[in-house]
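Trainee: I would like to go through some labels and see what stands behind each one. Can we take them in turn?

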Amino acid sequence: MRNTKKSKILIIHGWLHSSKRYAELGAKLSKYADVDIYEFEGFGDTKYKSAKLDILNNYVEKLNNYLINKKYDLVITHSMGGNILLKVLNEYKHNIKYVVLSNTAYNGLPILKPIAWIIPMTIVLFIVSKIIPKKIIKPIFSRISLLTVNELKYFDDIMFNDALKANSFVASITLFQLAFDKFTFKTSDINKDINFIITYSENDRIIPLKNTKKLICDLSNPVVIKFDKIGHTVALEAEKEYFKQISKLLESQV
């Protein structure tokens with residue numbers, strides 16, 4: 001690394017994930033930096049405390065408040081986490097050197113719009129999943145997971161437990177809001193010193209390639225890394241290569 005002072009990293013998870021999803025990556029990166037893992041209310045072990053129905057904007061406010069007076073050399077995000085961080089950076093100035101946007105939910109999720117009417121059924125599914133035996137609900141969740149991972153072998157206990165722990169209402173409403181989200185990020189003078197790195201896969205079944213291309217264009221020449229033969233969850237499906245790319249960044253830049 002370029003200096004003896006240990007870097008600071010923040011990891012921000014995506015929809016239906018939790019801090020546990022990134023615990024292993026965080027442990028590996030601790031060789032290079034002090035690592036914090038942020039957890040959105042309503043996911044994992046963090047309870048949703050607000051009565052606000054505009055959950056995504058509530059997350060923006062919460063994350064902004066968390067980042068105040070903190071300085072991170074690197075922030076790693078996935079999907080919904082990248083969406084929310086971009087909204088924070090669009091409005092506020094924070095001390096961040098590098099941002100990794102992995103399979104970012106950006107400018108809506110077209111694949112989900114035609115089936116938006118099933119959102120009430122999604123809420124019911126999450127509620128029922130907490131009641132019926134795990135051996136019955138687990139095969140159902142494993143098949144649904146194929147939207148986010150390309151092979152069933154990647155559906156692990158962490159993914160299953162995260163789905164069970166998620167607040168039924170929060171998980172369903174955030175998915176609906178992400179599907180119809182029209183936010184686009186415009187690089188401003190405030191954030192001109194932030195270096196963006198975008199990772200994506202053409203086999204991502206959630207994020208269309210055209211949305212990723214728009215993000216690349218809107219961020220004005222970010223570093224772009226493509227992962228082959230994987231789906232939406234890069235840190236799970238290409239864990240070794242993902243860690244390799246991030247550790248390379250830490251060794252050479254941060």
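Trainee: What makes Glu202 and Lys226 a salt bridge?

Mentor: A salt bridge needs a side-chain nitrogen of Lys or Arg within 4 Å of a carboxyl oxygen of Asp or Glu. The side chains of Glu202 and Lys226 meet at 3.3 Å, N to O. That is within the cut-off, so the name applies. This is a predicted model, where local features need pLDDT of at least 70, side-chain atom pairs count only at pLDDT 80 or more, and totals for chains, interfaces and linings use all residues. Residues are numbered from 1 along each chain as its sequence is written, and side-chain values use heavy atoms, leaving out hydrogens and water.

Trainee: Which parts does the pair of Glu202 and Lys226 tie together?

Mentor: Glu202 lies in the loop between strand 5 (195–200) and helix 8 (209–218), and Lys226 in strand 6 (residues 223–226), so the pair ties together parts that are 24 residues apart in sequence. Helices (H or I, at least four residues) and strands (E, at least two) are DSSP runs, numbered from the N terminus.

Trainee: What is Asn211 in contact with, leaving aside its neighbours within four places in sequence?

Mentor: Tyr106, Asn107, Gly108 and Pro110. Contact means heavy atoms within 4.5 Å.

Trainee: What separates Lys28 and Glu24 in helix 1?

Mentor: About one helical turn, because they are four residues apart in helix 1 (residues 23–29). Lys28 forms a salt bridge with Glu24, with the closest N and O atoms 4.0 Å apart. Lys28 is partly exposed at 31%, and Glu24 is partly exposed at 49%.

Trainee: Which parts does the salt bridge of Asp34 and Lys6 link?

Mentor: The side chains of Asp34 and Lys6 meet at 4.0 Å, N to O. Asp34 lies in strand 2 (residues 33–38) and Lys6 in the segment before strand 1 (7–12), so the pair ties together parts 28 residues apart in sequence.

Trainee: How many salt bridges does the structure hold?

Mentor: The structure holds 15. Lys20, Asp45 and Lys165 are linked in a network of salt bridges.

Terms used:
Buried < 20%, exposed > 50% of the residue type's maximum accessible area, 1.4 Å probe, protein only.
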